Amino acid sequence: MESKIVGELKPLDYDPDYFESEPYPIPYFNHKKIKIGFIEALHESYLSEADKVLEIFLKLDSSERIKNSKIVYDYYDKTLLYGYTNELQIKTIEEIWDFVYPSEIIIHWDENGDFYLCVSCECDWEEEHGLQLVFKDGLNLTRASGHDGGFTD
């Protein structure tokens, strides 16, 4: 199985429909190398669209990430209301990224055929639920939340 963008994809032992790439440099995260997961790679229509979404996402760079700081900061700020996390020492909203650690990208599609590129992250303020960054069609960040399975608010 091969992605036109990231090359050879390898299946996971426990899910025959899920394939992932070798770690690939992601411009949005200063070229950090991250594995990319394709949830239904055996379906040609999924794989070709997922490659298009990934290609769009890979055009976003760290300057775009900085522009998206507020949506991530707002998620952090919301968790403070629940009282189970310590306040971070942040002077500007852009500093929120100093506490975010991306670990995996997965390209999903829903029952309507909409595509969502999701970046799974750990973060210092939400150890239990982590941080999920959702990019509809790979274009722009549309949601920052815990890992709750949702793609939209």
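Let me start with one contact. D114 and K136 form a salt bridge, with the closest N and O atoms 3.7 Å apart. D114 lies in the loop between strand 7 and strand 8, and K136 lies in strand 9, residues 131–136, so this pair ties together parts that are 22 residues apart in sequence. Keep in mind that this is a predicted model.

How exposed are these two? D114 is partly exposed, at 26% relative accessible area. K136 is partly exposed too, at 27%. With D137, K136 makes a salt bridge whose closest N and O atoms are 3.4 Å apart. D137 counts as partly exposed, at 27% relative accessibility.

How many salt bridges does the whole structure have? A search finds eight. Another one of them joins the side chains of K67 and E64, at 3.9 Å from N to O. These two sit in helix 2, residues 62–67, three residues apart, so about one helical turn separates them. K67 is exposed, with a relative accessible area of 62%.

Strand 7 and strand 8 form a hairpin, with five residues between them. In that turn, G113 has a positive phi of about 85°. The two strands run antiparallel and are joined by nine bridges. One example: I106 has C118 in strand 8 as its bridge partner.

Strand 7 has a neighbour in strand 6 as well. Strand 6 covers residues 32–38, strand 7 covers residues 100–109, and they pair in the parallel sense over four bridges. F38 finds its bridge partner in strand 7: I107.

F38 leads us to S3. Which residues does S3 touch, leaving aside those up to four places away in sequence? They are L9, F38 and D51. S3 is found in strand 1, residues 2–3. Is S3 buried or exposed? Buried, at a relative accessible area of 1%. The side chain of S3 makes a polar contact of 2.5 Å with the side chain of D51. A polar atom of the S3 side chain also lies 3.1 Å from the backbone nitrogen of V6.

Now the aromatic rings. The count comes to 13 aromatic pairs. Take Y28 and F57. Their pair is tilted, 5.8 Å centre to centre, with 40° between the planes. Y28 is in the loop between strand 5 and strand 6, and F57 is in helix 1, residues 44–57, so the pair ties together parts 29 residues apart in sequence. Y28 counts as buried, at 0% relative accessibility. F57 is buried as well, at 0%.

Next pair: Y116 and F151. Their ring centres are 4.8 Å apart and their planes are at 10°, so this pair is stacked. Y116 is in strand 8, F151 is in the segment after strand 10, and the two are 35 residues apart. Both Y116 and F151 are buried.

Which residues do ring pairs link into a cluster? Y28, F29, F57, W97 and F135. The charged end of R65 sits over the ring of W97, 5.6 Å from its centre.

To close, go back to where we began.

Note on methods:
Residues numbered from 1 in each chain as written. Predicted model: local features only at pLDDT ≥ 70, side-chain atom pairs only at ≥ 80, totals over all residues. Heavy atoms only, no water. Pairing = 2+ DSSP bridges. Buried < 20%, exposed > 50% of the residue type's maximum accessible area, 1.4 Å probe, protein only. Polar contact = N/O pair within 3.5 Å; in protein donor to acceptor, adjacent residues only side chain to side chain. Contact = heavy atoms within 4.5 Å. Phe/Tyr/Trp six-rings, centres within 6.5 Å; stacked < 30°, edge-to-face > 60°. Lys NZ or Arg CZ within 6 Å of the ring centre and 35° of its normal. Salt bridge = Lys/Arg side-chain N within 4 Å of Asp/Glu carboxyl O.
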